[in-house]
Amino acid sequence: MSKPAYYITTAISYPNGEPHIGHAYEYIASDAMARFKRLDGFEVMFLTGTDEHGQKMQQSASKEGITPLELASRNSAAFKHVDDEVLNISYDRFIRTTDEDHYEASKAIWRRMVEAGDIYLDTYAGWYSVRDERFFADDETHVGEDGVRYASETGTEVTWTQEESYFFRLSKYAQPLLDFYAANPGFGGPSSRFNEVIRFVENGLDDLSISRTTFDWGVPVPKDLTEAETSLDHVMYVWVDALTNYLTGVGFPDTESDAFSRFWPADVHVIGKDISRFHCIFWPAFLMSAGLDLPKRVMIHGFLHNAGEKMSKSVGNVVAPEAWVQTYGLDAVRFFLLREFPFGQDGSYTHDAVVGRKNSDLANNLGNLAQRSLSMIVKNCEGAVPEPRAFAEADEAILEQAQALLPLSREAYQTQDFHRALERTWFVLGEANAYFADQAPWQLAKTDLSRMSTVLYVTAEVVRRVALLAQPVMPDSAAQLLDALGVEGDGDAGRTNASNEGPRSFAAFGERLKPGTAISKPKPIFPRHEEEK
């Protein structure tokens, strides 16, 4: 029996600089989502990568005296390093828009849009931001005190650009988009951000310039489609090329391939709020024109702020992922970013906030409960999971709370509400700590060994269920915890599709610990954060 498919993508990063903690936020959230689905029995395709074309890359390379491809390759490697060596991201493909198959996919979707009658040649005149790779209308710009004109929305400098361009009939798709949004209210999330997109479309759409002739670092528009119309060489507007990567990743233009048939349309594109229009307006319109299915969901996350301030190179508050991981530990960073604030909202982080989560939620709550209960099992139960006797009302109550975490987490993860899933899980952990304190198994060790065994069994079982659900967020720590509990498995923690069955998959969530399973003396998995002197 084939397993259900799940296709998730991050936005592909523009490698014009170094990756920062904002990039890490998106990668970690998408990775947790992919791991959760694998552990829940899905065959997952997880795509990430780099967006390497455009005028900005060409200008930056020229300043360094190297080719755009050399710059792209060097900086793309830095992003891949962060995914592989720093953040433990379980992607299935790291795509580069300079990949040969991506050139073919980009040309193929262009041809489809031509065949639909949606591309025409004209002249573009308007304000262009190289940094944003985006055109702005006159009323979307302003002249600053320095006499320079800026895009009001992004604050980037714009220059007047006039050149021959191919246009996409975006205006034709305003009503089809609105109809689609109405029929698919969960397409964009959270609703507060998606509503802004809907209002923008309701105000009407202008046709979109989708090619450039003033530079050549991009996917060439197929010559056989232009030779009868122009002698100029056109390259595709970077967003046509960039968005198409989601199709390239599953085998397009071979729509008959196993990968495309299985994984398209994408289940969710995870993106930042600054590129919501591209993903919720341009991309669905391109796909409608090309006769291809639209993605099921676009999840728009907020931005990370450093102590309430927007991260900026000029301010000097940009944080490198590697520095965070070295300071707090990878799993603590992953946990903090998904637990501290809802994914769709902007969030602010401080050193004290990260340390607070690490020490309170991880060391004191989960770590302390696991350490105390498993140490008692080793000491008092011959180093093996004890045989429980009849469950008391308090036992059944805490077990039921733990059992309810899986359906709640499934529902929360389906809308990328990681914060809600973790909040409830840690609430139940708090209840488990209270249960452990109330039952006082260390006292029962002197008076009622049978009852002690039952309390220790119940506590270990709650810890097992929490550890299973913690795997997508804290794969290494959760694997160590499951090792300590004697749960069989290879410690994959959702990294590959091998995770979708076995004792560490969610299919085993309702299967309780086996009495007699050997328990080794536990080692602290979540050490407290101590400040360096």
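Me: What makes up the largest nonpolar core, and which residues have the most contacts inside it?
Reply: This is a predicted model. The largest nonpolar core has 96 residues. Ile8, Leu87 and Trp324 have the most contacts inside it. To be called a nonpolar core, its members must be buried and joined through side-chain atoms within 4.5 Å.

Me: Which helix gives the most to this core?
Reply: Helix α18, residues 449–470, gives the most, with 13 residues. Another core lies apart from the largest one. That other core has 66 residues, including Tyr128, Val130, Tyr166 and Phe168.

Me: What is leucine 87 in contact with, leaving aside its neighbours within four places in sequence?
Reply: Leucine 87 is in contact with Ala24, Tyr27, Ile28, Val82, Pro321, Val325, Leu330 and Arg334. Contact here requires heavy atoms within 4.5 Å.

Me: How do you know that aspartate 31 and arginine 334 form a salt bridge?
Reply: Their side chains meet at 2.6 Å, N to O. The limit is 4 Å, so the pair counts as a salt bridge. Aspartate 31 lies in helix α1 (residues 21–39) and arginine 334 in helix α12 (residues 330–339), so this pair ties together parts that are 303 residues apart in sequence. Aspartate 31 and arginine 334 are both buried.

Me: Why does the pair of arginine 38 and aspartate 92 count as a salt bridge?
Reply: The N to O distance is 3.2 Å. That is within 4 Å, so the name applies. Arginine 38 lies in helix α1, and aspartate 92 in the loop between α3 (68–86) and β3 (93–96), so the pair ties together parts 54 residues apart in sequence.

Me: Is arginine 38 buried or exposed, and how do you know?
Reply: Arginine 38 has a relative accessible area of 0%. Buried means under 20%, so arginine 38 is buried.

Me: Why is aspartate 92 called partly exposed?
Reply: Its relative accessibility is 39%. Buried means under 20% and exposed means over 50%, so aspartate 92 falls in between.

Me: What makes arginine 339 and aspartate 361 a salt bridge?
Reply: Their side chains meet at 3.8 Å, N to O. That is within the 4 Å limit, so the pair counts. Arginine 339 sits in helix α12 and aspartate 361 in helix α13 (residues 351–380), 22 residues apart. Arginine 339 has 10% relative accessibility, and aspartate 361 has 8%. Under 20% means buried, so arginine 339 and aspartate 361 are buried.

Me: Which residues are linked with Arg339 in a network of salt bridges?
Reply: The network links Arg339, Glu340, Arg357 and Asp361. By the 4 Å rule, the count for the model comes to 27 salt bridges.

Me: Why is alanine 228 called exposed?
Reply: Alanine 228 has a relative accessible area of 79%. Exposed means over 50%, so alanine 228 qualifies. Alanine 228 lies in the loop between β11 (211–212) and β12 (235–236).

Me: Which residues that line the second largest pocket are the closest to its centre?
Reply: About 560 Å³ of space lies in this pocket. Of its 22 lining residues, Phe135, Glu140, Phe200, Asp206 and Asp207 are the closest to the centre. A lining residue needs an atom within 4 Å of a pocket point.

Me: What makes up the lining of the second largest pocket, by class?
Reply: The lining has 14 nonpolar, three polar and five charged residues. Asp and Glu count as charged, so Glu140, Asp206 and Asp207 belong to the charged class. β4 (119–129), β5 (134–136), β10 (208–209) and α10 (276–290) each supply at least two lining residues.

Conventions. Residues numbered from 1 in each chain as written. Predicted model: local features only at pLDDT ≥ 70, side-chain atom pairs only at ≥ 80, totals over all residues. Heavy atoms only, no water. 1 Å grid on protein atoms, 1.4 Å probe; cavity = no way out; pocket = protein on both sides within 12 Å on 5 of 7 lines; lining within 4 Å. Points joined across faces, edges and corners; volume = space filled by probe spheres on them. Helix = DSSP H or I, 4+ residues; strand = E, 2+ residues; numbered from the N terminus. Buried < 20%, exposed > 50% of the residue type's maximum accessible area, 1.4 Å probe, protein only.
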